[in-house]
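Dear colleague,

Please look at it first, and then compare it with my notes.

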Amino acid sequence: MTYFLQNVINALQWGSFYALIALGYSMVYSIMMLFNFAHGDIFMTGAYIGLGIATGLLAIVSSGVIALPGWLILVLTIIISMFITSLLGVLVERIGYRPLRNAPRASAAITGLMIGIILETGNLALLGAKRFSFPPLIMTKAYNISGVFVTNKKILVVLVSLTLMLALDLFVRKTKWGMAMRAMSYDFVVVPLMGVSIDVIAPMTFAIGSGLAAAGGVLYGVAYPVLDPYMGILIGWKAFVAAILGGRGSIMGAALAGFLLGFIEIFVTMIFPSTLRDLIAFSIVLVILTFRPHGFFGKPYSAKLRL
Amino acid sequence: MPLLQVKNMTHFFTGLRAVHNYNLEINPGEIRGLIGPNGAGKTTIFNLLTGVLRPTEGEITLEGTDIIGLRPHQIAARGIGRTFQNMKLWRHMTVLEHVKMAHYSQLSYGLTGAFFGTKKRVRQENEIEEHAHTLLALMDADQFADQKVLNLPYGVQRRVEMARALATRPKILFLDEPTVGMTPEELVGMMNVFRKIHNELGLAIFLIEHRMKVVMEFCQRVQTLVFGEVIAEGTPDEIQNDPRVIEAYLGKEEVA
Amino acid sequence: MEVKKSNPGNTKRFSGLRHFFSGIPASGWLLAAFAAVLLEFYVGDPLTEILGLPKIPALFGIVIILKKPHLIPGAFAYVGLIYLLPIIIVAKITAPATNWVSEKLDRMPLWFSAILHLVLLYFVLEIWTDISDYRLLMLKLTLIAIMITLSLNIINGYMGEFSCSHPGFIALGAYVASVFTVGLFVNDRLLGHALLPQALGQFLFPIGLILGGLVAAVGALIVAIPSFRTRGDYLAIISLAFMFIVKSLIENLEVVGGPRGLGGQPDWATLPTVFVWAVLCVWTINNFVESTMGKALNAVRDEESAADAMTVNTRKTKMIAFMFGAFWAGVGGGLFAHVLRYVNPGTFGIKKLAEVLAMVYFGGLNSVFGSIVGAVSFNLLSEALRPLEIFKWIIIPVLLILVMIYRPTGLIAFKHFNVKKILRPRPGSKERV
């Protein structure tokens, strides 16, 4: 039982990353009907930006200009890297997607893939093949709750992710811009005629999605300190799978499916050897999609990749 | 024996009744009309009869054999050709390719022929090409054979679609609002096409149409559909003077 | 008949050049290339010495451009003297003769003429690759890339699905063919003693390749069957899941070496073998997509419900597309494994996916010609940029993004590959300008 609960905690943490990234996919999808395949690499870039900011802040603190506690540095790191990565998201939209808005969607998918490769390679070119460790901003504390070990970092990851998701939910439901986004996702053709420009909404969506991915990246760095330029690929594609499983464009669905995928992966490794993780997780995905071809929350509506 | 017979067909869309207790009999060479306000379920009836949707209840027989449960391409191959309200042409294909494609079920060269280009394939491809040209000539569209359909004027696109439907060698042709959005000149051309299909090929036609002029001129019998139910059936004259029809349909819309 | 789009500016600018070359048939170009490679074979070495080059430029000097810029003049002179000038001169001088030959061939059955041209092409390539092993390897990999690109174009271009499963199909073919050859004909640590004499293997090798292709085709059913009900994004995910499953499955199969991979494949993927398979692949695929049965893929892509109503069996069409594409990907994978004589599951991941997608979309969708151009140019570019090391992976993506922005369906999309037209005689007087 404790073993089970222990894995629930692990799965919650692991699922948080998938959920945060899947949200970005899902939001971009709901507005623009396409998947931003560079998203996994934006997550990676976010983690590296976080690394840079954390290192910089630590240097300032150690030089004695101002004194900041570790948790404040972490919060600042998350906020600043979210902001910078949002700008990157806007840039990606401007360069890779806006020129292709009327092109076949498959072409946009290709530009996304290529931007992803550019981000990976750019990182390698700038920083070299050396692996970087995320600086330990807060001390790891482990709590033993009747046999179940919970670290403060795991709690932090889950809490911050949930907070961000709730904030997103509130933003989308309550604010003017959030409502404009939702309207745009219902009708791509008419809403722009009502004075809501796709040229404003699309970059905003990319910015928010990228910001969430950056938060995920920083949290990932806190939980698993070694970063490498290719870390975004697999986790990004899996989050993409989660976004689809949740049903295209469904924000709640994407978050839930992210956690679900985390649970599947953690519990597969609980029962089977860890090398079988991908095999079984993706087999489950395949079976789900074969029998529920529109995901959990998606509408049975088929958008074609029109040529 | 009627060519196509439908008995007590009913269809539900997730609880919503779209078609109720629909009956139809079409004899060889007959032209039948189906009119009704928008959303009455006319296209749904086409989709039910062509196998796109499966009726919840009822019987559909084509030349005496049951066709319920067959896939659309099988029903099409058995002799129900159709056109679509929005044409559904294939954006990247030429006119000739469109008409050749509709011969699909008449090809028997199989994968060997497709992969290795056997003599049989060359012969069959030539045969259907010739037939396609004949049909295009019949539709006055042969001069466009090598052009992409999307570059053609609307009236020509409609005629190409008609040639495509005829290429399936139908016994009965379903036309879903074939004159919608046409200019008067295009309309005249289309009516000539109807005459040709009927007089030269002797096909039975089942027509959904909004323009009463077309219905009056061609249809031998007309059904009026309102909310999935046939409220009146008869000759065009009877229908035009039927108070229920006038109330439900003609009364609300201007007769074109 | 094909409707030609007129492009006045372009035509005017190149009309002189075009007129100069217009009278030369395909056979003339091949003959000229043959002369050039022969010339290189005999005088290549002395010429490199005279020009001060360390060795014969392997790929027309494109590798040297970025690696050793001071050698560029020499390499250019070499390419000019060995390839450009001789080819132009020979092609122009022999044009009347080759046109006469092409005229005669044009009246014979197409297959006969095509085979003659291919034999000539083969000899050109054979002599060309005789100079260096690097050229040989490059050529084999490029031919395999053409097969794989074309097979993916069937699914992604002609049928318009975004399938990500191709690395999985390639992996299946590579492993099945490798297990066949290594298991039967080689004493191997993993797969035990050879069961059959190696001399026999050379003849049974095609069976191994076909087996690999068939296994890949059966695997394709896992993607094809869901495609009856779903399209677009969900199918993309299903195919992606398939790719991950195949990769993970192989990693967990210790019999074939798990993540360490499987090596020791016999050296049977010789140039003639790869060439013949590549030709077979292009030939059958081109036959298929030019037939009405093959064009049914386009109908399903452009408007599936209309295809159904026009008697096209859409399910069968989808199955054929996936299985046929997967078959050739599998055969290509088998050849790939035997060219490199080593495979590991890591090869068949996202990176491979990005590469094959890049080749298809760069070259052009719905086009055999485009796929050939895409595969060849991608491979050449990739070699030319090799000295830049990792910056290569910035330049190639940027190029591809530019292609996507300015030609969203690729460079040479929606073009027919008409063999008869390519091989036809081109007597200058009859040429329309």
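Predicted model: local features only at pLDDT ≥ 70, side-chain atom pairs only at ≥ 80, totals over all residues.

Residues are numbered from 1 along each chain as its sequence is written, and chains are lettered from A and ligands numbered from 1 in the order in which they are written.

In chain B, four strands form an open antiparallel sheet in the order 2-1-4-5; helices (H or I, at least four residues) and strands (E, at least two) are DSSP runs, numbered from the N terminus, and two strands pair if DSSP finds at least two bridges between them. Strand 2 (16-26) and strand 5 (65-66) of chain B each have a single partner strand, so one side of each is left without a neighbour in the sheet. Strand 1 (residues 4-13) and strand 4 (residues 57-62) of chain B run antiparallel and are joined by five bridges, and B:Lys7 has B:Glu59 in strand 4 of chain B as its bridge partner.

In chain C, the axes of helix 2 (residues 26-51) and helix 4 (residues 72-107) come within 7 Å and cross at roughly 155°, where axes are lines fitted to C-alpha atoms, for helices over the stretch in contact, and angles run from 0 to 180 degrees between N-to-C directions. Helix 2 of chain C is therefore roughly antiparallel to helix 4 of chain C, a term for angles over 145 degrees.

Where chains B and C meet, the contact takes 33 residues from chain B and 27 residues from chain C (two residues are in contact if their C-beta atoms, placed from the backbone, lie within 7 Å). On the side of chain C that touches chain B, the largest share, eight residues, comes from helix 11 of chain C.

B:Lys88 is in the loop between strand 6 (80-82) and helix 3 (95-101) of chain B, and C:Thr311 is in the loop between helix 12 (304-309) and helix 13 (314-340) of chain C. B:Lys88 counts as partly exposed because it has 18 C-beta neighbours inside 10 Å, whereas C:Thr311, with 26, counts as buried; a residue is buried if 20 or more other C-beta atoms, placed from the backbone, lie within 10 Å of its own, exposed if 12 or fewer, and partly exposed in between.

With best wishes

Terms used. Parallel < 35°, antiparallel > 145°, perpendicular 65-115°, else oblique.
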